[in-house]
Structure formats: C-alpha cells, structure tokens
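Open the structure in your viewer and keep the selection tool at hand. This short tour tells you what to pick at each stop.

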Amino acid sequence: MFSATCVAPVNMALVKYWGKRNEELILPINDSVSMTLDANEMCAKTTITASESFKQNRMWLNGEVVTFEENARLMRCLAGVQRLALANGAHKFSLSWKLHIASYNNFPTAAGLASSAAGYACLVYTLARLYELPLNEELTTVARQGSGSACRSLYGGFVHWRRGSSADGSDSIAVPLAPASHWPNMHMLILVVNDARKKTGSTRGMQLGVSTSSLIQHRAKEVVPRRVKELMAAIESRDFQAFAEITIKESNQLHAICLDTYPPCVYMNDVSHAIVNFVHDYNETVGSLQAAYTFDAGPNACIYVLAENVPRLLAAIQLAFPNDAQQSVEYLMGIPVPPVELKNGLRDASIGHVNPNNMLKYIIHTKIGEGPHQLSDDKSLLIDGFPLPK
Ligand SMILES: Nc1ncnc2c1ncn2[C@@H]1O[C@H](COP(=O)(O)OP(=O)(O)OP(=O)(O)O)[C@@H](O)[C@H]1O
Ligand SMILES: C[C@@](O)(CCOP(=O)(O)OP(=O)(O)O)CC(=O)O
C-alpha cells in the first residue's frame with residue numbers, strides 16, 4: 001500500500017480566464033493571471049492510497065461518495081498523471097493498482113470560492129507525489145484538464161496561465177511570475193454575500209459567452225494581451241495603484257461580457273454592486289486606490305488590499321455593511337485584524353453610505369500564499385484506504 005497526503009490553495013484571478021477554444025482539453029481563448037491565496041485560511045486537502053487489493057477507483061469528497069469513473073474530468077486528470085508516470089518510469093508500484101481518494105475543502109464547496117481550482121490542483125499534485133513525479137509545466141497541463149483555473153493553483157504567489165496555440169494543449173501551461181515573498185503584504189478580504197439564487201456555473205457561462213457575445217473576441221484579442229503586460233509590470237514594481245486599476249477593470253469587463261451573453265449571465269447581485277460603490281467611494285475619500293475588488297462567477301467580492309490598510313478598510317466595511325453577527329468569530333474569519341479607533345465614525349472610516357443590516361454572510365481575511373505541499377502520513381484522511389469516521 002502506498003499513500004500521499006497534500007494540501008493545495010485557492011487562487012483568485014486578476015486577469016480573468018473566460019472562454020474556451022477547446023472544451024474537452026480545456027484550452028482558453030486568452031491568457032490569465034492570478035494570485036494564490038494562503039492555504040492556512042482556505043485549502044483543499046487530499047489523500048490518495050494505492051493498493052493491489054483495491055477492486056476499483058473510489059473517491060470521497062467532504063465525506064460523501066463521488067462517482068469517480070463517471071466523472072470525465074477526474075478520469076482525465078488520473079489518465080494524464082499516469083501517462084507522465086509511465087514516461088518517467090520512477091513509480092514504485094504498478095499503474096494498474098486502483099486508488100482510493102479522500103478530499104476535504106476547509107471552506108464551502110461549489111459556492112463560488114474556487115473550490116474546483118484548489119480541488120483539482122490538489123488531486124493532480126497528490127497523484128504526482130504518489131507516482132514520484134516532479135511539479136513542472138506538463139503537470140499544469142493535466143491540472144488544467146480538471147478545471148482550467150486549477151493549473152494556476154499549482155504555484156504560489158502570482159501565476160500566469162499562457163493560453164498557448166498548439167491544438168493538443170501542450171503549450172497551454174501555468175508558469176510562476178513572482179513568489180509570495182515578492183509582495184508579502186498583499187492581503188485580501190473576501191466578502192461572502194448572502195445569496196440563495198442558483199448560479200450558471202463558470203463552465204456553462206463561458207460556453208454561452210463564446211457562442212453569443214460579440215465583445216468576447218475583442219476582449220481576448222485586444223484587451224487581455226495588453227492588460228497581462230501591464231499587470232506583470234505592476235506586480236514586478238509592486239505598484240498597487242496600477243495593480244488595483246487593472247484588477248477592477250478586469251472584473252468589470254468579465255461581467256460586461258456576461259451581460260453581453262445571450263441569454264445574459266448575471267453573477268453579481270445588488271449586494272455586489274453595493275460593494276463596488278463602497279470601494280469606489282472609499283478610494284476616492286482616502287485619495288488613492290487602497291482597495292481593489294474582483295468578482296468571479298458569483299456575487300462574492302474579493303478585495304485586494306495591502307496589509308497596512310486592512311484595519312481601516314475593515315472598520316469602514318463594518319460601518320457600511322452593519323451585521324448582527326459582527327462580533328462573532330464565525331463572521332470574521334482568518335487572519336486577526338487589530339481594531340482601529342474611529343473617532344468621527346463614518347467620516348474617519350471614509351464612507352458616506354450605510355447599507356441595510358446583514359447584507360454580508362461572513363468575511364474571510366487572507367493573504368498571498370505558497371503553492372501545494374505534501375503532509376506527513378499521520379495527516380492522512382484514509383486509514384487502511386478508507387475514510388476516517390466523521
Ligand atoms: N477537493 C476537491 N477534490 C476534487 N474535486 C473537487 C474538490 N472540490 C471541488 N471539486 C470539484 O469542483 C466542483 C465545484 O466546482 P464549481 O465550479 O461548481 O464551484 P467552485 O469552484 O466552488 O466555484 P467557482 O468556480 O464559481 O469559483 C465540485 O462539484 C467537484 O466536482
Ligand atoms: C471566473 C473565473 O473564476 C472562471 C474560472 O472558471 P473554471 O476554471 O471554474 O472553469 P472550467 O475550466 O470550466 O472548470 C475566472 C478565473 O478563475 O480566471
């Protein structure tokens with residue numbers, strides 16, 4: 001019996017991936033750039049055990065059985081890593097041995113918090129550890145086939161997914177741009193929005209976008225290449241003003257494309273728009289861009305902010321979005337924030353408008369982080385190949 005246990009982080013796109021040129025291989029129509037988030041606050045954790053005695057591949061996600069063999073994306077990732085293992089020849093056991101896989105996300109799955117990125121990155125990375133393969137470009141092409149954004153979660157810091165041009169996808173790879181240590185005070189506040197509506201998933205939303213939006217090709221050809229260059233320069237010189245402007249414009253263009261889709265995909269809701277207004281007001285009053293929002297395929301806001309500006313921004317958010325649960329540990333999660341004294345209330349907090357109570361569900365404070373890593377065997381999620389009792 002052989003086993004490996006790893007954790008992998010979530011990543012949040014700055015220049016967004018939206019649209020595929022090949023659905024099966026998950027090849028994008030444009031490059032994207034992301035920041036990897038600290039796995040201490042949000043991560044996927046996966047254990048994979050291989051045994052000669054296992055009859056079939058089996059998987060448990062958050063304790064529930066997953067029909068592994070029927071999930072084309074999971075099977076593609078497994079086949080992709082096994083193909084690399086066969087070529088590498090270093091594995092200690094036969095590739096015909098079946099696998100038992102258990103995975104947990106320490107944050108809500110399928111809630112628009114990029115669980116698929118962390119989940120597939122963790123699956124592919126753990127398989128690579130099990131078959132003793134290195135983390136390299138080829139491995140990112142496998143993670144990409146689980147979920148496009150997953151290829152960027154194989155590295156820490158800032159990551160560039162190059163769209164590539166070959167038909168087989170071999171040059172559609174993720175590459176690290178700068179490690180987390182390059183800009184260690186880059187933090188994030190995730191404002192999780194109360195929302196009961198069913199969303200159109202990213203996969204379906206971008207399919208509809210490619211087939212019906214007339215703006216999407218202009219974005220892919222003209223806008224994204226320029227923004228990727230500008231963002232890379234902003235990251236290199238740690239220029240938060242340029243970084244924030246590109247990030248905000250990118251998020252807004254993604255959602256403009258979504259509205260240009262027919263029928264339109266509406267991901268942001270009234271609360272999301274209230275957050276947008278708040279951030280612009282806040283930045284205007286403090287006199288520079290201190291907060292940069294970005295929204296993926298859902299209503300939750302991710303706000304990039306430098307560590308030194310977190311306490312004041314958070315105090316302003318608490319005033320602008322009052323919440324009955326404000327003082328509870330379940331409301332404000334993640335890295336602790338020192339309280340700030342605001343003598344003149346709203347004026348000191350740089351906000352003008354107070355929203356109705358309880359528009360936010362909870363807030364996660366996190367920061368830039370490292371890529372996946374392996375844990376020791378005592379952290380395994382499987383005992384003798386079966387999930388630990390809950
Ligand atoms: N830890 C994991 N291991 C393997 N697969 C996972 C894991 N976590 C999530 N997934 C897969 O990702 C799917 C959820 O992806 P989905 O895109 O719906 O949600 P999300 O990634 O949380 O949201 P979004 O993509 O909008 O940010 C799950 O149904 C499952 O198939
Ligand atoms: C809005 C996004 O988060 C879209 C992510 O899409 P997915 O990677 O979830 O899509 P599939 O490749 O179909 O699995 C932007 C981004 O992460 O770049």
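Predicted model: local features only at pLDDT ≥ 70, side-chain atom pairs only at ≥ 80, totals over all residues.

**Stop 1: ligand 2.** Select ligand 2 and show what lies around it. Its shell holds 13 residues. The closest are A13, Y17, S147, G148 and S149. Colour the shell by class: four residues are nonpolar, seven are polar and two are charged. Now colour by domain. Domain 1 (2-179 + 372-387) and domain 2 (186-367) each supply at least three residues of this shell.

**Stop 2: helix α1.** Select residues 72-88. These 17 residues form α1, and the first and last C-alpha are 24 Å apart, close to the 24 Å expected at 1.5 Å a residue. Which residues of α1 are buried? Pick L74, C77, L78, G80, V81 and L84. They span an arc of only 160 degrees around the axis, so they sit on the same side of α1. Turn to the other side, where A72, A79, L86 and A87 are exposed. Next, show β7 (58-61), α2 (115-130) and α3 (137-144); they are among the elements that cover the buried residues of α1.

**Stop 3: helix α6.** Select residues 240-260. Buried residues in α6 include F240, F243, I246, E250, L254, H255 and C258. What covers the buried residues of α6? Show β2 (11-15), α4 (202-212), α5 (216-236), β13 (292-294) and β14 (301-306), which are among the covering elements.

Note on methods
Residues numbered from 1 in each chain as written. Chains lettered and ligands numbered in written order. Near = placed C-beta within 6 Å. Nonpolar A, V, L, I, M, F, W, Y, C, P; charged D, E, K, R; others polar. Domains from an automatic or database assignment. Helix = DSSP H or I, 4+ residues; strand = E, 2+ residues; numbered from the N terminus. Expected span 1.5 Å × (residues − 1). Buried ≥ 20, exposed ≤ 12 C-beta atoms within 10 Å, placed from the backbone. Arc of directions from axis to C-beta. Contact = placed C-beta atoms within 7 Å.
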